[in-house]
Amino acid sequence: MAATELRGVVGPGPAAIAAPGGGGTGPPVVGGGSGRGDSGPGSGAALGTVAAAAAGGPGPGAGGVAAAGPTPAPPAGGSGGSGAGGSGSAREGWLFKWTNYIKGYQRRWFVLSNGLLSYYRSKAEMRHTCRGTINLATANITVEDSCNFIISNGGAQTYHLKASSEVERQRWVTALELAKAKAVKMLAESDESGDEEAVSQTDKTELQNTLRTLSSKVEDLSTCNDLIAKHGTALQRSLSELESLRLPAESNEKIKQVNERATLFRITSNAMINACRDFLMLAQTHSKKWQKSLQYERDQRIRLEETLEQLAKQHNHLERAFRGATVLPANTPGSAGSGKDQCCSGKGDMSDEDDENEFFDAPEIITMPENLGHKRTGSNISGASSDISLDEQYKHQLEETKKEKRTRIPYKPNYSLNLWSIMKNCIGKELSKIPMPVNFNEPLSMLQRLTEDLEYHELLDRAAKCENSLEQLCYVAAFTVSSYSTTVFRTSKPFNPLLGETFELDRLEENGYRSLCEQVSHHPPAAAHHAESKNGWTLRQEIKITSKFRGKYLSIMPLGSIHCIFHATGHHYTWKKVTTTVHNIIVGKLWIDQSGEIDIVNHKTGDKCNLKFVPYSYFSRDVARKVTGEVTDPSGKVHFALLGTWDEKMDCFKVQPVVGENGGDARQRGHEAEESRVMLWKRNPLPKNAENMYYFSELALTLNAWESGTAPTDSRLRPDQRLMENGRWDEANAEKQRLEEKQRLSRKKREAEAMKATEDGTPYDPYKALWFERKKDPVTKELTHIYRGGYWECKEKQDWTSCPDIF
């Protein structure tokens with residue numbers, strides 16, 4: 001019997017496998033059946049388990065995968081599920097799904113196909129409306145009892161399901177497990193576009209499987225402890241009995257020697273048993289803590305999602321009630337949206353859902369019919385309401401000369417979008433990893449938005465003429481603040497540039513500067529920018545954008561340093577950007593705020609300027625979007641005070657020290673400093689009808705205008721962005737998917753080449769930017785991309801042979 005027990009511990013040997021199905025009710029094994037002793041399929045624990053070996057009796061029922069004999073037919077009135085091809089990887093039928101405490105379990109039609117489990121209210125509904133879908137590749141399947149089981153993807157989606165019988169439940173669980181294994185395998189074989197979220201979910205599943213394996217090994221260890229103690233006691237007892245027998249003297253010596261060794265073995269075994277017991281107690285204690293922490297986080301996430309969904313529904317009902325209680329005049333072609341523009345502040349309209357909108361367990365397929373009204377725009381004026389058609393506008397913009405900059409773009413079309421169906425599963429994710437339709441975008445890329453920092457380049461021109469380094473720092477600070485003025489109304493998202501995409505802005509003749517941007521990294525997204533002016537300054541930066549969707553708001557955190565060098569004096573300034581927050585993502589009117597501090601440092605003289613962007617507060621009496629600053633010398637003495645707002649203007653005050661009451665210096669009072677006020681910067685007014693053109697400034701309206709002679713990688717030539725600008729959003733979405741798929745294939749090709757080079761032992765050069773070189777910055781000592789030169793020379797020769805094909 002002892003030998004049988006030891007075999008059961010080491011592995012399911014012949015004795016364990018041949019154990020007949022008994023009526024024992026041993027504890028269930030993790031990942032096994034329900035622990036029952038009957039011989040139904042999957043209902044018993046696994047064969048030859050440690051639990052059965054420790055009990056010293058026969059193994060549990062012959063269930064699980066080893067079940068033999070024909071599968072029982074489903075009872076009358078069952079779910080009626082049917083396998084596909086006999087593989088068990090596809091199935092459909094009726095199941096009961098838990099909805100809420102009022103309605104309880106409701107009968108739903110479930111379909112398992114291609115690793116996805118979808119459900120509908122009826123079989124006929126499969127043609128038009130899917131109520132929810134869960135990806136099994138990232139899901140956990142848990143059996144509760146004889147008929148109930150749970151499918152969850154870690155908190156975002158959880159289905160509590162009930163089958164009509166235990167047999168039917170086991171059929172579904174088997175089909176789901178097979179489909180999950182197939183989906184995980186397919187996910188590993190085909191990398192989906194660098195969407196690391198799917199990979200991370202798979203890693204979580206593997207981690208949970210590893211924890212289950214460790215748990216079973218800990219149980220084996222516990223059983224080994226019991227067996228060692230049991231057999232050690234029996235061995236000691238047998239040796240004591242041998243000593244009591246009358247044997248020759250030589251045998252007594254051998255028995256004594258064996259007894260000593262047995263005693264030593266028992267001491268060692270006891271020490272191991274104690275250590276194992278301590279390990280087991282510690283593991284169990286920490287395991288409970290981890291489980292509680294994980295469950296708490298999941299509960300918090302679920303509560304947050306339920307709260308957001310409820311808020312969205314309440315907002316929807318309030319808007320319906322408002323529309324029912326208010327009689328609005330019909331818009332005529334000549335005055336479309338005029339009433340709304342009069343009562344709107346111009347910062348974006350309130351969110352509005354369709355009357356028949358429903359919030360389901362998973363995002364629906366997004367459809368954008370051309371005849372529906374856009375609920376998220378700042379105006380209800382459609383592209384068709386303009387004086388000329390979109391094609392004529394596009395032809396007109398191609399005919400514009402370089403010197404005659406365009407002053408308008410096609411008006412923003414009106415398209416509807418179910419915002420909640422996209423955003424509900426994006427909480428906590430990075431924005432660059434969420435596939436977004438162009439409905440959220442504006443027809444500019446991130447490279448063009450980065451170039452918009454140069455809108456108030458005159459501030460740097462004036463700074464280059466300053467002889468006093470402290471006065472020069474004031475103008476640099478004003479330029480830093482001015483770069484945020486374009487964001488106050490711009491609630492749309494720019495296009496994420498493709499790897500290798502570029503954007504040039506040649507204003508050398510008109511304004512004395514020219515600028516070049518290049519996307520130098522895809523994950524994390526990073527763009528390098530270099531601008532030089534014949535007025536005596538150079539601006540360069542590398543910005544990495546990280547963003548998080550927090551439910552109520554979206555945080556955008558730019559990383560990287562900005563450098564400004566003045567040629568005449570050699571003054572070198574550096575600073576970083578503050579955090580941008582987009583509020584009311586789900587409910588209410590979108591609005592943007594900037595918050596944080598910026599330290600501008602002159603690395604040649606040691607002068608500093610500290611700018612504070614005050615976050616908006618409902619209870620504060622200060623003016624909204626307030627910015628304050630102080631310009632100090634290397635000793636910390638304040639020379640200038642800055643005051644203003646990041647969306648309107650910035651003023652400068654000269655600080656004159658006065659003698660204090662105790663003989664020390666005191667700062668000049670505010671009303672006395674009013675005489676020294678100098679307006680450093682004031683925002684330019686927006687163009688006429690800017691609310692219908694994405695609130696673009698005069699510079700932004702010209703950025704995407706077609707120009708001849710640019711590189712084939714220029715953002716102006718990006719087809720999805722051009723289609724969106726011209727109001728063809730359906731075509732733009734399709735083109736956007738094509739470009740992203742092309743980028744994925746290029747990435748896979750580079751990874752394959754790198755892997756092959758590693759196997760062959762040959763050197764392999766990773767991706768390198770075309771116009772920028774990654775090296776250590778001599779001032780900040782950071783690794784950054786610095787312009788290597790050659791772009792404008794290639795443009796003059798029209799030699800673009802080195803440019804990749806990305807469009």
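**Salt bridges**

A: Arg718 and Glu501 form a salt bridge, with their closest N and O atoms 3.2 Å apart. The term means a side-chain nitrogen of Lys or Arg within 4 Å of a carboxyl oxygen of Asp or Glu. This is a predicted model, in which local features need pLDDT of at least 70 and side-chain atom pairs count only at pLDDT 80 or more, while totals for chains, interfaces and linings use all residues. Residues are numbered from 1 along each chain as its sequence is written, and side-chain values use heavy atoms, with hydrogens and water left out.

Q: Which parts of the chain does the pair of Arg718 and Glu501 link?
A: Elements are DSSP runs numbered from the N terminus: helices are H or I runs of at least four residues, strands are E runs of at least two. Arg718 lies in the loop between α14 (698-703) and α15 (719-725), and Glu501 in the loop between β10 (493-495) and β11 (502-507). The two are 217 residues apart, so the pair links distant parts of the chain.

Q: Are Arg718 and Glu501 buried or exposed?
A: Buried means under 20% relative accessible area, exposed means over 50%, and partly exposed is in between (1.4 Å probe, protein chains only). Arg718 and Glu501 are both buried.

Q: Where else does a salt bridge link distant parts of the chain?
A: Glu707 and Arg507 meet through their side chains in a salt bridge, at 4.0 Å from N to O. Glu707 is in the loop between α14 and α15, Arg507 is in strand β11, and 200 residues separate them. Glu707 counts as buried because its relative accessibility is 11%, and Arg507 does too, at 4%.

Q: How should I read the salt bridge between Glu725 and Arg722?
A: Their closest N and O atoms are 3.1 Å apart. Both residues are in helix α15, and because they are 3 residues apart, about one helical turn separates them. Glu725 is buried at 1% relative accessibility, and Arg722 is buried at 8%.

Q: How many salt bridges does the structure hold?
A: The structure holds 33. Salt bridges can also join in a network, as they do for Glu442, Arg449, Glu452 and Arg490.

**Core and surface**

Q: What is a nonpolar core?
A: In soluble globular proteins, nonpolar side chains tend to be buried together. A nonpolar core here is a set of buried Ala, Val, Leu, Ile, Met, Phe, Trp, Tyr and Cys residues joined through side-chain atoms within 4.5 Å. The largest one has 66 residues, and Leu539, Trp575, Ile600, Leu611, Phe613 and Leu642 have the most contacts inside it. Helix α12 (residues 469-482) gives the largest share of this core, 9 residues. Another core, of 19 residues, lies apart from it and includes Phe110, Ile134, Phe149 and Ala179.

Q: Which residues is Leu539 in contact with?
A: Contact means heavy atoms within 4.5 Å. Leaving aside neighbours within four places in sequence, the partners of Leu539 include Leu454, Phe479, Ile562, Cys564 and Trp575, as well as His529, His530 and His563.

Q: What is a nonpolar patch on the surface?
A: Patches are made of residues with over 30% relative accessible area and no salt bridge; nonpolar side chains (Val, Leu, Ile, Met, Phe, Trp, Tyr) are joined within 5 Å, like charges within 9 Å. Tyr616, Tyr618 and Phe619 form such a patch, with about 480 Å² of accessible area together. Areas come from the Shrake-Rupley method with a 1.4 Å probe; for residues, only the protein chains shown count as cover. Tyr618 lies in the loop between β20 (608-613) and β21 (626-632) and counts as exposed because its relative accessibility is 69%.

Q: What is the mean pLDDT of the protein chain?
A: pLDDT is the predictor's confidence in each residue, from 0 to 100. The mean is 74, and 71% of the residues reach 70 or more. Over residues 1-89 the pLDDT is below 50, though this stretch has 118 contacts in the model beyond near neighbours in sequence.
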